[in-house]
Amino acid sequence: MSAMQTISIRNDLHEIRRVGQMIEAFVASHGLPSSLGRDFALASDELLTNVISHGYDDEQTHAIHLQIRCDAAVLVLRLEDEGRAYNPLSAPTPDLTAELLDRSVGGLGIYLVRQLMDQVEYGREANKNILVLTKQIPRKKGNKTDGMH
Amino acid sequence: MECTEEKYNDRTIIGLRGRMDSVTARTVEEKLLALIENGERHLVVDCAELTYVSSAGLRVFLMAAKRVTQVKGQLIFTTLNDEVRQVFDLTGFSSILQVCSSREEAITQAA
């Protein structure tokens, strides 16, 4: 099994929902667990919100390209934007143990992405930020070879 | 994103319906901050129909919780669905915010 779908959006926060819907539809149409679709939709929302809110030095319209693909083992989402160079993985980990009044929400979005995904990779190619999110597809129940000794 | 408001004795129950993300979180922010500003001190946020929350929503919840704490009030979240609960758990919000499983519990807890 291998399949791929792409979507391009403008740098407008209202566009993010379309990406989530596409991801969830893709996941459903390939018989994958809906929780996987929700995790990717949330992760993409966090990353796109960051790029659209802080990624550009001008007020122009910019395209952001996304590609989702799955094979037997993993689901992979690739995001490509032409914003200024920014590696979200360099954001400090938020202090999750701080008391309420000392808590800050800075960095929570990217922290969530890292928690939801198995792997997040960043690269800068041809003046574009490339993020690749990967997560194992949970095996179907009833697979007897599934980790049993 | 819809916000409903209901009074129960001195408590105010805010019902959230829909998705709370970077587009819609502002609606909730304005509602919660206005209530606190107007002197409400016992707030219950009913999340039974909140289908989605991103960090943009968490930011609003955290800000409102801090504001309420500073004025010695109380903000309780109730009836989180599994997805919203997962986000609260992953970010440690379950331990810094007051969360009740039922609306009744949240109303009786509000002192």
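This is a predicted model: local features need pLDDT of at least 70, side-chain atom pairs count only at pLDDT 80 or more; totals for chains, interfaces and linings use all residues.
Two strands count as paired if DSSP finds at least two bridges between them.

Strand 2 of chain B, residues 11–20, and strand 3 of chain B, residues 42–53, are joined by eight bridges, and the two run parallel. Within this pairing, Ile14(B) sits opposite Val45(B) of strand 3.

Now the whole sheet. Chain B has an open sheet of five strands, ordered 1-2-3-4-5, with mixed pairing. At its edges are strand 1, residues 2–8, and strand 5, residues 98–100, each of which pairs on one side only. From one strand to the next, the twist averages 25°.

Helix 2 of chain B, residues 55–70, lies across strands 2, 3 and 4 of that chain. Its angle to strand 4, residues 74–78, is about 145°.

Next, the interface. Chain A puts 25 residues in contact with 24 residues of chain B. Together the two chains bury about 2,000 Å², and 66% of that is on carbon and sulfur atoms.

On the polar side, six residue pairs are in polar contact across the interface, both residues at pLDDT 80 or more. There is one salt bridge between the chains. It links Arg38(A) to Glu83(B), with the closest N and O atoms 3.2 Å apart.

Which elements of chain A give two or more residues to the side touching chain B? They are helix 1 (16–29), helix 2 (34–54) and helix 3 (108–116) of chain A. Helix 2 of chain A gives the most, seven residues. By class, that side of chain A has 13 nonpolar, five polar and seven charged residues.

Technical notes:
Residues are numbered from 1 along each chain as its sequence is written. Chains are lettered from A and ligands numbered from 1 in the order in which they are written. Side-chain values use heavy atoms; hydrogens and water are left out. Contact means heavy atoms within 4.5 Å. Buried area is the accessible area (1.4 Å probe) that two parts lose on being put together, summed over both. A salt bridge is a side-chain nitrogen of Lys or Arg within 4 Å of a carboxyl oxygen of Asp or Glu. A polar contact is a pair of N or O atoms within 3.5 Å; within protein, one must be able to donate a hydrogen and the other to accept it, and residues adjacent in sequence count only if both atoms are side-chain atoms. Helices (H or I, at least four residues) and strands (E, at least two) are DSSP runs, numbered from the N terminus. Ala, Val, Leu, Ile, Met, Phe, Trp, Tyr, Cys and Pro count as nonpolar, Asp, Glu, Lys and Arg as charged, and the others, Gly among them, as polar. Axes are lines fitted to C-alpha atoms, for helices over the stretch in contact, and angles run from 0 to 180 degrees between N-to-C directions.
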